[in-house]
Amino acid sequence: MVHAKRRVHRLFIMLFTLVASVEVSSADEFPMPFDTQELTEKFLSPEEAVSRISVPEEFQVSLFASEPDVNQPIALATDERGRLWVAECYTYAESKTNYETKLKDRIVILEDGDGDGRFDKRTVFWDQASKLTSIEIGFGGVWALCAPDLLFIPDRDRDDVPDAEPVVVLNGWNDDVIRHNIVNGLRWGPDGWLYGRHGITTTSLVGAPETAPEHRTQVDCGIWRFHPTTKKFEVVCSGTTNPWGMDWDDHGQMFFINTVIGHLWHVIPGAYYQRMFGEHFDSHVYQLLPQTADHYHWDTKEAWHDIKKLGVTPTTDDAGGGHAHCGMMIYLGDNWPAKYRNELFACNLHGLRVNCDRLERAGATYVGKHEPDFLRTTDPWFRGIELVTGADGGVYIADWSDIGECHDNDGIHRSSGRIYKVTYGRPKLTGATDLASLGDNDLVKFQLHSNDWYVRNSRRVLQERAVAGRDLDAAHRMLRDIFDRNDDVTRKLRAMWTLYVTGGVTEPWLLKQLGHENEHVRTWAVKLLVDSGTVTTTVRKAFEARVTTESSGLVLTFLASALRQLPNGDRWDLAIALADKEAFSGDPTYPLMVWYGIEPAVAEYPTQAIQLAAASKLPLVREHIARRITSEIERQPSAVDQLVALLGVGREESFERDILAGMEVSLKGWRKAEAPKNWTAIAATLAKSPDERNRSISRDLSVVFGDGRAMDELYQIAKGNESGLSARRAAIHTLVEARDESIVPLLQNLLSDRDLGTDAIRGLAAFDDPKTPQLIIERYNSFRREPTRREAITTLTARQPSIEALLAAVSTGKIGRDQVSPFQLRQMQLLGNAAINEKIDRLWPELKAISSEKLTRIGHYREQLTPEVLAMADLSEGRAIFNQNCGKCHRLFGTGGQIGPDLTGSQRNNLNYLLENTVDPSATVSKNFHLSIALMTDGRVVSGIVTEENDRTITMQTATERIVLLRDDIEEFRISNLSMMPERQLDVMTSDQVRDLIGYLMSPSQVPLPGGTSTESND
């Protein structure tokens, strides 16, 4: 009977698909979806599925849409007309297929004109998508995540037909081995940015099209954002496992949902959260933020993956249904009872329900408290994947509708999908108002509406009008009146956000709000001052002054978050004030945010960091400073001398324990280190400490500062999981440096290790083992993190036998051509091996040749800059030379200009890379840094790099200024293949200056300027 029903169901889907393909105008026919999921559970009719859902009394659930009108609904969005947009993802496939390239995804629009809770009009907007995971509406079109791309599909006339082919706005999202961790989740934030999410199982290198890999932004698990007009892209926060749901509360605080390691997380810019596995890109963050909730939705005495074989046990059922969450909403509508307002709802995959958490202010930030589950069903096919609030205050829930393994590894049931609508009683008809047809003043009035759907959509429409150049002075006066006169702080915030996104705020006005009586207004004043651009000296000093009287942990946390936006040398006064807040020393969030804010500056400004450690009333900050300073013991031994001078001078035992604990963790895995000055005397004093822990650490450090640890002990540290990643990494480094060949088998075994694979590959480069190249090549496609892949190619290009193996792998398709950078190709060519060069010419025929004259100059500098010579480099002098010659255009370690590429993440530790890019800067420059030339109608010639462009203007960064050009004033526009960077810069320097500059460029972290001073600041 089940199989008969399945045949009828498939026939129905086939007929619908054929009809749809006739109705929809498309360049290509929409492929007919097919099922691969075995039917082991009865497939319920849509009506029967609704009957299985239970909700609180007086709520009702209607079937808004179902197959064949909707299938595979992976994401929802609403537009300013109140219509529901649905992303249908047919290309997602079982694990052996990953994504089905024979199929396409589509975007459909559903309308409910009579308000009866069921759609009555369906329109297919676009049906040629692939790997579609999310959509959002705004700024004259539709935004769609179709990895590897973020697309913008223009529809400026709003006729629901794309005006042109999709525009690739960003690319580089990994779409190879990622599957269910794929980029997802587009949503507009209150600040006017487009937010999204990314999972943990791979690393994406994201940037505008044509951006070179070394100038892209690395993204793995966490939250990111993109600005629709400035085109700026950035990571907001990092960590967790696979976030797949987010929203903002009534005060504009952002939260997101996650799986396995904790479900609820409060978003703080610059935060580093706990991860399911692996490390963050910055290995010095040391400690990670825990989840925001005080509970789990599963029995943590069970392994998270036990649910696949045991199902939902009674204890997990009581806790909330399971570890997997998908889709999240904070209810801010006006249809449900007031008790549900500002509560958080998330679909629980295994639990067949919608969980509910209550958000409360606690300590410096928030805590999520468990509330009774809001919705439950006995339909085994229910897979809630998205929740959104509509114009009438009702809530739409997208049901993926499938059975089997939770990631659909065992098959996909593409011919099903439901969207339910949950309302309290019968919602009021909205009249299907088109907000875009209303006047500015009407849209401002909607900032006072009780349903946040009106608030958000009217704000976006006003933002679009501001971008288009509309005069919004009258609207701004109304918004300022709301802010000044309305007693409800949530209404003040709405006015504040709308003023900001429409260009209606000034720096002085925001500075004034730092003293507002409400903590949420002060918090947003901090955030918007940071988001407005470069943090000026005036703003920084205002932040410092605010901290001294601030009592709100939330405001202080966002002030700590602001540290990361300041030049390294300007962070210390604010950091000292923040570290004085002893009341929050035990808070799970605040001390870590202070640490994250200063960490990038510690190695560059060790004296200021040690002064902060001495004064800090946050023990965690003191310990981590000691750890970071000690990690630089070989490069900056005098800094460690200053650090240990804090010991043995009568301070409290707890203070000394913080310093010693940081030093101990930093040197775990080291065999031997040079003893700091006066260590013998300090150790003798510590040996008399009444604190046994301090005496024990002091003894262990004396071993490292004396005869050193035995190599066997280091091998055990490298091998064992109990030592911690930083200790294992340090031990591997020591054994590799000692060229201890006994470590080679261990390194080869670690190639597939998620945490230490990169270190293993880097270490194997030091040993000429014939097994290594083939082992790396065999495992290459399993390396999911981009740094690991980069290190693999670097190692394979280090020796002639491994180069030959790499070229063979490229020729057979085992490794893609695009995985080898132009620089690495140059490096292989410079070996002068005719056979290798012939293969490179054949595999990369587009590679531009370097002139013999430039090759000679590169060879000259390579011979001059030996490791011994570079070891003598004065890095501080090198930094001064960089500031004078390079810093006006390039940023390094967070300081410098922004005309050219940021050099911090490039291959600076490779001498050949630096020399080629310095001697021949135009050879491999990426398109987005090509010199552009505008011939103006008034006869001027403007040249520079294009930083922004829209339909009306082009913004160019010249050598001296940032200039906005009207397209109507441009007679001709050309893009050159040349870089703005001049050639022969090294030729005018002395040999010592070249040595110091290159040594500084190759340094792993920032160093002080000569004399220990800093000249970088923002005016």
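This note goes through salt bridges in a predicted model.

1. Basis. Residues are numbered from 1 along each chain as its sequence is written, and side-chain values use heavy atoms, with hydrogens and water left out. Because the model is predicted, local features need pLDDT of at least 70 and side-chain atom pairs count only at pLDDT 80 or more, while totals for chains, interfaces and linings use all residues.

2. Count. A salt bridge is taken as a side-chain nitrogen of Lys or Arg within 4 Å of a carboxyl oxygen of Asp or Glu. By this rule the model has 62 salt bridges.

3. Arg81 and Asp160. The closest N and O atoms of this salt bridge are 3.9 Å apart. Arg81 sits in the loop between strand 3 (73-78) and strand 4 (84-88) and Asp160 in the loop between strand 9 (149-154) and strand 10 (167-171), so the pair ties together parts 79 residues apart in sequence. Strands (E, at least two residues) and helices (H or I, at least four) are DSSP runs, numbered from the N terminus. Asp160 is buried at 10% relative accessibility, and Arg81 is partly exposed at 22%. Buried means under 20% relative accessible area, exposed over 50%, and partly exposed in between (1.4 Å probe, protein chains only).

4. Network. Arg81 and Asp160 also belong to a network of salt bridges with Asp79, Arg83, Glu111 and Lys121.

5. Asp247 and Arg456. Their side chains form a salt bridge at 2.9 Å, N to O. Asp247 is in strand 17 (residues 246-248) and Arg456 in helix 6 (residues 452-467), 209 residues apart. Asp247 is buried at 8% relative accessibility; Arg456 is partly exposed at 25%.
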